[in-house]
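Try each task before reading its solution.

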Amino acid sequence: MSYVDGFVLAVPEKNLAEYRKIARKAGKIWLEHGALEFRECVADDVKPGKQTSFPQSVKLKPGEVVVFSYIVYKNRAQRDRVNAKVMADPRLKTMMEGKDMPFDGKRMIYGGFKTLVALA
């Protein structure tokens, strides 16, 4: 079964164009190194909940939007190999060294997931 890295973060609406630009570059790097799929999704129908929600999970502030992202791999071992290559890629290092990232990385949630069900 495939393996998925998932991310949820808050991006100021005014920074979405810059975020998209960085995400496109990063996605190309992940795909070049072997990821099967790379998606960046902007919240369209996401409301605060009474106890939990996407907005609450990233402490969404006025003027920000939730972004949900995921990267698909063949399996965990392939994910680990791909991520090692990606993290060593100088193009990604250059993007991540910027002091003016278009989002607050401290409020990003991320993790790796084993696929339980896959239908196409």
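**Exercise 1.** Which element gives the most to the lining of the second largest pocket?

*Solution.* The model is predicted: local features need pLDDT of at least 70, side-chain atom pairs count only at pLDDT 80 or more, and totals for chains, interfaces and linings use all residues. Residues are numbered from 1 along each chain as its sequence is written, and side-chain values use heavy atoms, with hydrogens and water left out.

Start with the terms. A pocket is an open set of points on a 1 Å grid over the protein atoms alone, where a 1.4 Å probe fits, with protein on both sides within 12 Å along at least five of seven lines; lining residues have an atom within 4 Å of a point. Helices (H or I, at least four residues) and strands (E, at least two) are DSSP runs, numbered from the N terminus.

Next, list the lining. It includes Leu-16, Tyr-19, Arg-20, Phe-38 and Val-67. H1 and S2 are the elements giving two or more residues. H1 gives the most, with five.

**Exercise 2.** Describe the largest pocket.

*Solution.* Its volume, the space filled by probe spheres set on the points (joined across faces, edges and corners), is about 460 Å³. The lining has 26 residues. Phe-7, Trp-30, Ile-71, Met-96 and Met-108 lie nearest the centre. Contributors of at least two residues include strand S1 (3-12) and helix H4 (90-96). H1 gives the most to this lining, with five residues.

**Exercise 3.** How many charged residues are in the lining of the second largest pocket?

*Solution.* This pocket holds about 180 Å³ of space. Its lining has four charged residues (Asp, Glu, Lys and Arg count as charged).
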